[in-house]
Amino acid sequence: QVQLVESGGGLVQPGGSLRLSCTASGTISSINYMGWYRQAPGKERELVAGITSDGSARNADSVKGRFTISRDNAKKTVYLRMNSLKPEDTAVYYCYTNVLLPGAYYGMEFWGKGTLVTVSS
């Protein structure tokens, strides 16, 4: 039905920057919410940042001032700009969305497959 394709992960040195992208495809009436989660080895998945359809954004305390989430509604794409990366930011980053499908009365959740971000010297 709905697919999320992430890109932009990779290896970066501490203090460096990366930009993640996630594009939704499929038959969608509207996208209510888009966000990024991450899961580090041995840890639970956690919210990194999310953004509503009207552009209201929320960041986790651990990334405030360093990460910025944005979205392009026309392209059905959400971005995560990550600056001043730290080794503890190393994780698989997952794109998440809540969308309204045609004919549906409530939103449905979808996840991307994840993209690995490694912060290391």
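**Strands, sheet and core**

Biologist: How many bridges pair strand 9 with strand 11, and in which sense?
Modeller: Strand 9 and strand 11 share 3 bridges, in the antiparallel sense. This is a predicted model.

Biologist: Which residue stands opposite Val 92?
Modeller: Leu 116, in strand 11.

Biologist: How many bridges join strand 9 to strand 10?
Modeller: There are 4, and the two strands run antiparallel. Strand 10 covers residues 108-111. Within that strand, Met 108 is the bridge partner of Val 99.

Biologist: And how many between strand 4 and strand 9?
Modeller: 9 bridges, again in the antiparallel sense. Tyr 96 in strand 9 is the bridge partner of Gly 35.

Biologist: How many residues of strand 9 are buried?
Modeller: 8 of its 10 residues are buried, so strand 9 is largely enclosed by the rest of the structure.

Biologist: Let's zoom out. How many helices and strands does the chain have?
Modeller: The count is 0 helices and 11 strands.

Biologist: What radius of gyration does the chain have, and what would a compact globule have?
Modeller: The chain has 14 Å. A compact globule of 121 residues would have a value near 14 Å, so the two agree.

Biologist: What box do the C-alpha atoms fill?
Modeller: Roughly 50 × 25 × 25 Å, along the principal axes.

Biologist: What about surface and burial?
Modeller: The accessible surface is about 6,600 Å². Carbon and sulfur atoms hold 47% of that. Buried residues make up 41% of the 121 in the chain.

Biologist: What share of the contacts with a separation of 6 or more is between residues 24 or more positions apart?
Modeller: 55%.

Biologist: How many bridges does strand 1 form with strand 3?
Modeller: 6, in the antiparallel sense. Strand 3 spans residues 18-26.

Biologist: Which residues of strand 1 lie on the covered face, and which on the uncovered one?
Modeller: Val 2, Leu 4 and Glu 6 are on the covered face. Gln 3, Val 5 and Ser 7 are on the uncovered one.

Biologist: Now the largest nonpolar core. Which of its residues touch the most other members?
Modeller: Trp 36, Val 48, Phe 67, Val 78, Leu 80, Met 82 and Tyr 93, out of 31 residues. Strands that each supply at least two residues of this core include strand 4 (30-39), strand 5 (46-52) and strand 8 (77-82).

Biologist: What does Met 82 touch?
Modeller: Beyond four places in sequence, its contacts include Leu 18, Leu 20, Phe 67, Tyr 93 and Val 117.

Biologist: Leu 20: buried or exposed?
Modeller: Buried, because its relative accessibility is 0%. Leu 20 is found in strand 3. Beyond four places in sequence, Leu 20 touches Trp 36, Val 78, Leu 80 and Thr 115, among others.

Biologist: How far apart are the C-alpha atoms of Leu 20 and Gly 8?
Modeller: They are separated by 4.5 Å, with the residues 12 apart along the chain. Gly 8 is also one of the residues that Leu 20 touches.

Conventions
Residues numbered from 1 in each chain as written. Predicted model: local features only at pLDDT ≥ 70, side-chain atom pairs only at ≥ 80, totals over all residues. Heavy atoms only, no water. Pairing = 2+ DSSP bridges. Buried < 20%, exposed > 50% of the residue type's maximum accessible area, 1.4 Å probe, protein only. Rg over C-alpha atoms; globule rule 2.2 N^0.38 Å. Contact = heavy atoms within 4.5 Å. Areas by Shrake-Rupley, 256 points an atom, 1.4 Å probe, with all protein chains shown as cover. Core = buried A, V, L, I, M, F, W, Y, C linked by side-chain atoms within 4.5 Å.
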